[in-house]
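Please find below a colleague's note on the structure shown here. The points are numbered and may be read with the model open beside them.

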Amino acid sequence: MRTSKTGQNHSITEDRIIRTNFHSHTTRCNHAIGSDEDYVKSAIKAGYQQLGISDHSPFPDHMGQVSGMRMHVTEFPDYLASSRGLKAQYADQLDIFIGLEAEYYPQYHSWLIAQKEQEQLDFLILGSHYDDPVEQNYFGGITTPDMVRRYVRHTISGLETGDFCALAHPELFMISYPRFDKHCQAACRELIRAAKALQIPLEYNLSGLYTQPWRRGPGYPTPGFWEMVAEEGAKAIIGLDAHDPARYDDTHVYDQAVSDLTRMGIPLVKSLVPCARKHKQAI
Ligand SMILES: [Zn+2]
Ligand SMILES: [Zn+2]
């Protein structure tokens, strides 16, 4: 129960829930479906107020290697043109922001930031799937404590650049790691504390609530991780990680997440717009 400004007690379910999502893909990443416009239409239909488009960032082909899980650099202009077109076309129905879900690759980080500035992107979120552009070790496939520590160290380095407004699926390694054991707990405590100190929200990723055929471990959201987030007083942001426009239709999943996080006492960040503004002023 919460107390409103008028002094009346009411539960979260009686409030009109404001829905926002800053984690939304396009087919350019090669593992999403639906047209760019379908995502926007679905978000409007479901009553979302803010949509941040954040497909997997392009990077230069590393030693000639073309990544299979992100837009190619040659598709970036079309991604921008399409997103800008939709932003203008639907301006009276939905606030659209244009960003990217990017890796932290130290050797390409200045390239990424140059793109962000040149194209006036609104925001970046960190999706720490790999720690090098060869894409040798997918963090969703790791099963050893050493690799969990490597994931956490790398991810904290990415957050410390100050260039990311949120951390996508912080428990990505739980896709394959067998259980949230003491090694995960120690590493995640460090990650959560770093995110809190840097004031970067941790994403409560709703795509993990759906059946994922590639999942071998318990997956995410991981209850033990979120108990720790609550203990540490770090903030959360809800992300659909939509690779399918139909995810917007499932408003009960979103609303349940709001209710669960509220019950756990985890403060919720609803918008990355303040972070985007701060970054723009800093340029
Ligand atoms: Zn993806
Ligand atoms: Zn994503």
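1. Helix α5 (residues 182-197) and helix α6 (residues 223-232) pack with their axes 10 Å apart, at an angle of about 45 degrees. That angle makes α5 oblique to α6; angles under 35 degrees count as roughly parallel, over 145 as roughly antiparallel, 65 to 115 as roughly perpendicular, and the rest as oblique. Axes are lines fitted to C-alpha atoms, for helices over the stretch in contact, and angles run from 0 to 180 degrees between N-to-C directions. From α5, Gln-185, Cys-188, Arg-189, Ile-192, Arg-193 and Lys-196 meet Gly-224, Phe-225, Met-228, Val-229 and Glu-232 of α6. Two residues are in contact if their C-beta atoms, placed from the backbone, lie within 7 Å. The crossing of α5 past α6 is right-handed; a crossing is right-handed if the near helix is turned clockwise from the far one by less than a right angle, and left-handed if anticlockwise.

2. On the basis of the note: this is a predicted model, in which local features need pLDDT of at least 70 and side-chain atom pairs count only at pLDDT 80 or more, while totals for chains, interfaces and linings use all residues. Residues are numbered from 1 along each chain as its sequence is written, and chains are lettered from A and ligands numbered from 1 in the order in which they are written. Helices (H or I, at least four residues) and strands (E, at least two) are DSSP runs, numbered from the N terminus.

3. In which order do the 4 strands of the open sheet lie? The order is β3-β4-β5-β6, with parallel pairing. The edge strands, each pairing on one side only, are β3 (19-21) and β6. From one strand to the next, the twist averages 30 degrees. Two strands pair if DSSP finds at least two bridges between them. Strands of a sheet pair through backbone hydrogen bonds, either parallel or antiparallel.

4. Strand β5 (residues 95-102) is largely enclosed by the rest of the structure, because 7 of its 8 residues are buried. A residue is buried if 20 or more other C-beta atoms lie within 10 Å of its own, exposed if 12 or fewer, and partly exposed in between, with C-beta atoms placed from the backbone. Strand β4 (residues 48-56) pairs with β5 in the parallel sense over 7 bridges. Within this pairing, Asp-55 stands opposite Leu-100 and His-56 opposite Glu-101.

5. β5 also pairs in the parallel sense with strand β6 (residues 123-126), over 4 bridges. Here Ile-125 is the bridge partner of Glu-101, and Leu-126 is that of Ala-102. Both faces of β6 are covered: Phe-123 and Ile-125 are buried on one side, and Leu-124 and Leu-126 on the other. In a regular strand the side chains alternate between the two faces of the sheet.

6. Some backbone details deserve attention. Most residues other than glycine have a negative phi, and most peptide bonds are trans. Met-63, in the loop between β4 and α2, has a positive phi near 50 degrees; Met-63 is exposed, with 7 other C-beta atoms within 10 Å. Gln-199, in the loop between α5 and β7, has a positive phi near 60 degrees, and with 12 C-beta neighbours inside 10 Å it counts as exposed. A cis peptide bond, with omega about -10 degrees, joins Tyr-220 and Pro-221. Pro-221 lies in the loop between β7 (202-205) and α6.

7. Leaving aside neighbours within four places in sequence, His-72 is in contact with Pro-58 and Val-66. The C-alpha atoms of His-72 and Asn-30, 42 residues apart along the chain, are separated by 9.8 Å.
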